[in-house]
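Hi,

Here is the structure I said I would pass on.

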Amino acid sequence: MHLENPRQTPAYKYPSRYGPKSPSFARATFLRDVDAPGRETGSLFVSGTASILGDDTVHVDDVARQTEETLRNIEALVGGDNLRRHGVAGAGYDVKDLDQVKVYVRDAEHLPVVRSICESTLPADTDISYFNVAVCRPNLLMEIEGVCR
């Protein structure tokens with residue numbers, strides 16, 4: 001089941017200023033555990049999430065605030081209210097439930113700031129990998145994706 005984020009515009013509804021054709025992706029996907037009939041358990045795969053509210057990039061040129069906003073977006077996406085809104089009854093996660101995380105950082109000099117915020121927010125045993133790569137928009141400095149189990 002594909003999920004949208006209540007804080008963000010679905011990608012397929014992005015205005016034309018982002019390109020001639022809207023992208024097509026889900027903010028997250030919930031995969032039900034077929035071995036647990038009658039219980040709403042599974043894994044939640046969080047797509048690359050960034051500092052976007054509605055369809056606008058926020059906190060341009062401030063990597064610390066973009067990282068914090070990204071974590072808030074993930075919190076809203078994986079939370080029980082949003083999962084129930086999408087028909088996933090009885091489930092709900094917290095950003096601290098991410099157990100496999102990939103963090104994409106545009107500029108190498110921002111890695112220490114992003115690492116510090118992620119490591120102070122996520123549990124010490126979280127498997128986090130950091131990558132110095134381009135992200136989807138020129139004004140985004142970082143993105144995070146991960147899995148909740």
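Below is what turned up, starting with the aromatic rings and ending with the strands.

One thing to keep in mind is that this is a predicted model.

I searched the whole structure for aromatic pairs, and there is 1. The partners are Tyr104 and Phe131, with ring centres 5.6 Å apart and planes at 25°. Planes under 30 degrees apart count as stacked, so this pair is a stacked one.

Are the two residues buried or exposed? Tyr104 has a relative accessible area of 18%, under the 20% limit, so Tyr104 is buried. Phe131 comes out at 31%, which makes Phe131 partly exposed.

There is another ring to look at, that of Tyr130. The charged end of Arg115 sits over this ring, 4.2 Å from the ring centre.

Now the strands. Strand 1 (residues 2-3) pairs with strand 2 (residues 28-32) through 2 bridges, and the sense is antiparallel. Here you can see Leu3 opposite Ala28 of strand 2. Strand 2 is also joined to strand 3 (residues 42-49), again antiparallel, by 5 bridges. Which residue of strand 3 is the bridge partner of Thr29? That is Phe45. Strand 2 therefore has strand 1 as one partner and strand 3 as another.

Cheers

Notes
Residues are numbered from 1 along each chain as its sequence is written. This is a predicted model: local features need pLDDT of at least 70, side-chain atom pairs count only at pLDDT 80 or more; totals for chains, interfaces and linings use all residues. Side-chain values use heavy atoms; hydrogens and water are left out. Rings of Phe, Tyr and Trp (its six-membered ring) pair if their centres lie within 6.5 Å; planes under 30 degrees apart count as stacked, over 60 as edge-to-face and the rest as tilted. Buried means under 20% relative accessible area, exposed over 50%, partly exposed in between (1.4 Å probe, protein chains only). A charge sits over a ring if NZ of Lys or CZ of Arg is within 6 Å of the ring centre and within 35 degrees of the ring normal. Helices (H or I, at least four residues) and strands (E, at least two) are DSSP runs, numbered from the N terminus.
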